[in-house]
Amino acid sequence: MAKKLGAQAKTLTEKREKFKELCIEEKCIVLYEILHFFQCQSVTADLKLIGGSGRAGILYLNKNITDCSRIEMIHQSPTGIYEQAVDLNAL
């Protein structure tokens, strides 16, 4: 997770002084937006108040799986009792 959100950590560190200059209400808004980074939903954070991105926290995954040692697609029954794993590198 540290690598995935590293850009946001850098932005927050660089914009610390700008955050200090905000009024209490704006600080609360920015802190609320920062909490979006830690949600399990696909929600982005709006860091425009501190000079950051309006859609911070979007995670992009590399689609190149050839360098990975193990990539599997898991087929699981709705009950979770039955499971089949398919090695995508073997295809």
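**Salt bridges, a helix and a hairpin**

User: Which side chains meet Lys20 in a salt bridge here?
Analyst: The Glu17 side chain does, at 3.5 Å from N to O. Keep in mind that this is a predicted model.

User: How far apart are Lys20 and Glu17 in helix 2?
Analyst: They sit three residues apart in helix 2 (residues 16-21), so about one helical turn separates them. In general, an α-helix has 3.6 residues a turn, so residues three or four places apart point the same way.

User: Lys20: buried, partly exposed or exposed?
Analyst: Lys20 is partly exposed, because its relative accessible area is 45% and the exposed class begins over 50%.

User: How many salt bridges does the structure hold?
Analyst: Two. Besides the Lys20 and Glu17 pair, the side chains of Glu72 and Arg70 meet at 3.1 Å, N to O.

User: And how do Glu72 and Arg70 class by accessibility?
Analyst: Glu72 counts as partly exposed at 34% relative accessibility, whereas Arg70 counts as exposed at 60%.

User: Switching to helix 3. Which of its residues are buried?
Analyst: Val30, Glu33 and Ile34. Viewed down the axis of helix 3, these buried residues fall within an arc of 105°, so they line one face of the helix.

User: What's on the other side of helix 3?
Analyst: Ile24, Glu25, Tyr32 and Leu35, which are exposed. For Leu35 the relative accessibility is 52%.

User: What span should helix 3 have, and what does the model give?
Analyst: With 12 residues at 1.5 Å a residue, helix 3 should span 16 Å. Its end C-alpha atoms are 17 Å apart, which agrees.

User: Back to Leu35. Which residues form a nonpolar surface patch with Leu35?
Analyst: Tyr32 and Phe38. Together, the three residues of this patch have about 380 Å² of accessible area. Leu35 itself lies in helix 3 (residues 24-35).

User: Now the strands. Do strand 1 and strand 2 run parallel or antiparallel?
Analyst: Antiparallel, with five bridges joining strand 1 (residues 72-76) to strand 2 (residues 83-87).

User: How many residues lie between strand 1 and strand 2 in the hairpin?
Analyst: Six. Gly80, in the turn of that hairpin, has a positive phi of about 85°.

Terms used. Residues are numbered from 1 along each chain as its sequence is written. This is a predicted model: local features need pLDDT of at least 70, side-chain atom pairs count only at pLDDT 80 or more; totals for chains, interfaces and linings use all residues. Side-chain values use heavy atoms; hydrogens and water are left out. Patches are made of residues with over 30% relative accessible area and no salt bridge: like charges are joined within 9 Å, nonpolar side chains (Val, Leu, Ile, Met, Phe, Trp, Tyr) within 5 Å. Accessible areas come from the Shrake-Rupley method with a 1.4 Å probe; for residues, only the protein chains shown count as cover. A salt bridge is a side-chain nitrogen of Lys or Arg within 4 Å of a carboxyl oxygen of Asp or Glu. Helices (H or I, at least four residues) and strands (E, at least two) are DSSP runs, numbered from the N terminus. Buried means under 20% relative accessible area, exposed over 50%, partly exposed in between (1.4 Å probe, protein chains only). The expected span of a helix is 1.5 Å times one less than its number of residues. The arc is that of the directions from the helix axis to the C-beta atoms. Two strands pair if DSSP finds at least two bridges between them.
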